[in-house]
Amino acid sequence: MKLRTCARCLYDEAHPLHLTIDDDGVCSGCRVHEEKDILDWGDRFEQLRRLTDDYRSHGGRTFDCIVPVCGARDSYFIVDVVKNSLGLNPLLISYNKHYNTDLGIRNLANLRMAFDCDLVQNTTSPATAKAVTRASLDTMGSVYWHILAGQTAFPVQIAVRMGIPLVIWGAHQGIDQVGMFSHLDAVEMNRRYRKEHDLMGFEAEDLAARYPRLNDFNLDAYVYPSDSDIASIGVRGIYLNNYLRWDSKAQHEAMIDRYDYETGEQQRTFDRYNDIDCFHYAGTHDAIKFRKHGYGKAIDHACREIRLGRLTREDAEVLAGQYRSVQPADLPLLLDWLKIDEAAFWTVVDKHRNPKAWRMEDRFSPVERAQPAPALIQAARLPIKDKCEFALTRSKAPHLSDDRYVLVGKGYVDPQLAEVGG
Ligand SMILES: [Zn+2]
């Protein structure tokens, strides 16, 4: 049996978040994406305003909501919407991913300055992050689990601890990639989706049960609060992409213009905006994604750009193909950190290949993909509305112009921004 591929985007049926393909050869992700050009987004934003108004604290001195942030991935946009469009006072929460690029640290520092917000950051001990990563590599073939677990647990922990019930996230990946839900369902964050999809089926407690050595470390940062704690505060997590027309590329470009968001090249994708704060994400982490699921981030980004009318299916295939076999330059650093040799590393990852994408019995040869009929591709084609070009901003690395930047929270920001609020 060959895998069917969408006639509009490049996803196939082996997608780990699961998608379906309809009689016209178009996948559920593309179908739900069509809502972006149909829904009345003005009306949906008013719904968001009414929803968030209920959480506005009166007096203006306390926090109205929690916004999880990092040094990339729409963080500026989300804070801009929450603070400037909705007029809320957010407490920013960040899980330190340990794999920070200088650029990501600068972007996070600049975010605090540009929006003049309080930020709470959790940095787990390096030994804990390493022990957890060794266990997650073995259990799931993932070196990113600690980040996925930490960044989805810590904001909810703070919500419970500080009694701030509303958490505002950016895009729900299941909606944006595979159309798991309609935007109209307005799905909210929940424990089950987090465990099944974000955490690949393993909570911190499950990992510790398999690796008793982990009990020597403090795993609090990865533990989602109990249902009773969540219920007692009334914590809920909403996704902005259910209420405004999500276009990550356009959103980042607005943030470059308005707040000096810094962009950068990535190893295994043409996108210069998302996840540039991490030196493993578009490197080894993405090479692992390819090894497990048969495709990488460049395909995700290409599908997104097809759906938003900036790439033809044909151009997207060529563009994504250029990154397919790029060897991650960050791998030696990761191997050295984990004290594992390269052959052993890939042997562990190979245990976690997706059997829908790879023939396990045949030296991991790819399961064949059936190309959609040309007539279906033609019928599914969207008009091209814009160019798929990603801006490369001037680097703010301090060695380039030491006199122009100051050190704030281990990141260098423009001194004029540092003077905001005296
Ligand atoms: Zn599709």
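## Salt bridges and nonpolar cores

Arginine 258 is exposed, with a relative accessible area of 52%, in this predicted model. Its salt-bridge partner is aspartate 80, and the closest N and O atoms of the two residues are 2.7 Å apart.

| Pair | Closest N and O atoms |
|---|---|
| Aspartate 80 and arginine 258 | 2.7 Å |
| Lysine 97 and aspartate 277 | 2.7 Å |
| Arginine 291 and aspartate 350 | 2.9 Å |

Lysine 97 lies in the loop between strand E3 (90–95) and helix H4 (102–115), while aspartate 277 lies in the loop between H11 and helix H12 (284–293), so this pair ties together parts that are 180 residues apart in sequence; both partners are buried. Arginine 291 in helix H12 and aspartate 350 in helix H16 (residues 342–350) are 59 residues apart; arginine 291 is partly exposed at 25% relative accessibility, whereas aspartate 350 is buried at 14%.

The largest nonpolar core holds 63 residues, of which Cys9, Val67, Val79, Leu111 and Ile168 touch the most other members. Helix H3 (residues 75–85) supplies the largest share of this core, 6 residues. A second, separate core of 33 residues includes Met140, Trp145, Phe202 and Ala221.

How values were computed. Residues are numbered from 1 along each chain as its sequence is written. This is a predicted model: local features need pLDDT of at least 70, side-chain atom pairs count only at pLDDT 80 or more; totals for chains, interfaces and linings use all residues. Side-chain values use heavy atoms; hydrogens and water are left out. A nonpolar core is a set of buried Ala, Val, Leu, Ile, Met, Phe, Trp, Tyr and Cys residues joined through side-chain atoms within 4.5 Å. Buried means under 20% relative accessible area, exposed over 50%, partly exposed in between (1.4 Å probe, protein chains only). Helices (H or I, at least four residues) and strands (E, at least two) are DSSP runs, numbered from the N terminus. A salt bridge is a side-chain nitrogen of Lys or Arg within 4 Å of a carboxyl oxygen of Asp or Glu.
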